[in-house]
Amino acid sequence: MTVEFDYQKTAQRVLDIEKAAIDGLYQYLDQAFNHACRLMFQCSGKIIVTGMGKSGHIAHKIAATLASTGTPAFFVHPGEASHGDLGMISKNDVVLALSNSGESSEIISLLPVLKRRAIPLVCLTGNPASTMAREANVHLCTRVEQEACPLGLAPTASTTAALVMGDALAVSLLEARGFTADDFALSHPGGALGKRLLLRVADLMHQGDRVPKVALDTLIIDALLEIGRTGLGFTAVVDAEQRLVGVYTDGDLRRTLDQKIDVHHTAIEEVMTRRCTTVHATMLAAEAVQLMEEKKISGLLVLDAEQHPIGAFNMHDLLLAGVI
């Protein structure tokens, strides 16, 4: 009989080891951490993040996190830096270098040039006695007691510790800068948060002949044809000057049928809803969503300053735009 391997037991051991690695970082949050944050906060250029191998992958992520939270940063491969990419680094930059051993030859080969150009160096290693630690302007220790890999070969707990320390730096700088959700949205215009914070009603509303609209004396049956034509589930009802006086919705139709009103001979004016919720084109789409949820409605008309319907949209449009 074959005994199935206990995958969960191994996973639990890995989580315990990596949790211990993170807990061990508290002891290294000292004045060196403050110094590193000040160097990066006062940097008038960019934060250049670098690292080899698995540390390089972590460095990539730290650079991306810094850049998206208000600290301009990008990743430079240390091997490529020795062959021309070092020109990307200016005297106004700060270099953040990652290496668990602190003895990465590719990074160490860059140190003389960084020293000569007086470019501040923050090193994040697991060895305070390493070359990188000694040569850095600031050293941040991320030493771990053991790797989660039972062979002690694959970087696991050590890369987790480095990633968490990088997040600690990025978020500390974010708060020090007073970075807001609106600032975040500006660097994430294609993301869900960016759409919720930046997209306005004007960006998604239907316009022109796609705005359902009928006159006060229009028969209900003809108003239903207008609703079906645009597919928004409602129509505006306007006066002779094209100003909004009411709305007729799918809900109104149900009430009309319940009352056994003749849709072929009754004008829309007699059954429309006169007091209706509307919005303006500059309103944030997210605000419109909140309004629709509060009012329990599925669509909205957009009015100009003279109360003319200039746009319309429904929940489906918001869904397609990625706002909800």
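Which residues does Thr131 touch, not counting residues up to four places away in sequence? Select Thr131 and show its surroundings: the residues in contact (heavy atoms within 4.5 Å) are Gly102, Glu103 and Ile108. Before going further, note that this is a predicted model, in which local features need pLDDT of at least 70 and side-chain atom pairs count only at pLDDT 80 or more, while totals for chains, interfaces and linings use all residues. Residues are numbered from 1 along each chain as its sequence is written, and side-chain values use heavy atoms, with hydrogens and water left out.

Thr131 sits in helix α7, residues 131-135, where helices (H or I, at least four residues) and strands (E, at least two) are DSSP runs numbered from the N terminus. Its relative accessible area is 17%, so Thr131 is buried; buried means under 20% relative accessible area, exposed over 50% and partly exposed in between, with a 1.4 Å probe and protein chains only. Select Asp85 next, in the loop between α4 (78-81) and β3 (94-99). Asp85 has a relative accessibility of 25% and therefore counts as partly exposed, and, leaving out residues up to four places away in sequence, Asp85 touches Val76 and Glu80.

**The nonpolar cores**

Now select Ile47, Leu66, Leu96, Leu98 and Leu140, which touch the most other members of the 36-residue largest nonpolar core. Such a core is a set of buried Ala, Val, Leu, Ile, Met, Phe, Trp, Tyr and Cys residues joined through side-chain atoms within 4.5 Å. Helix α8 (residues 157-177) provides the largest share of this core, 7 residues. Another core, of 18 residues, lies apart from it and includes Leu300, Val302, Leu318 and Ala321. Centre the view on Leu98: beyond its neighbours within four places in sequence, its contacts include Val49, Met52, Ile58, Ile107, Leu124, Met132 and Ala162.

**Helix α12**

Move on to helix α12, residues 220-230, and select its buried residues, Ile220, Ala223, Glu226, Ile227 and Thr230. They lie on the same side of α12 because they cover an arc of only 110 degrees around the axis, the arc being that of the directions from the helix axis to the C-beta atoms. Their cover includes β6 (213-215), β7, β8 and α13 (250-258), whereas the face turned away from the buried side carries the exposed residues Leu225 and Gly228. Just after α12, Gly231 takes a positive phi of about 70 degrees.

Most residues other than glycine have a negative phi. Select Ala118, in the loop between α6 (111-116) and β4 (121-125), where phi is positive at about 55 degrees although the residue is not a glycine; at 59% relative accessibility, Ala118 counts as exposed. Then select Gln242, in the loop between β7 (234-238) and β8 (244-249), with a positive phi near 65 degrees and a relative accessibility of 36%, which counts as partly exposed.

**The largest pocket**

Finish at Val247, Thr249, Asp252, Ile297 and Gly299, which are the closest to the centre of the largest pocket among the 19 residues that line it. On a 1 Å grid over the protein atoms alone, a pocket is an open set of points where a 1.4 Å probe fits, with protein on both sides within 12 Å along at least five of seven lines, and lining residues have an atom within 4 Å of a point. α13 gives the most to the lining, with 4 residues.
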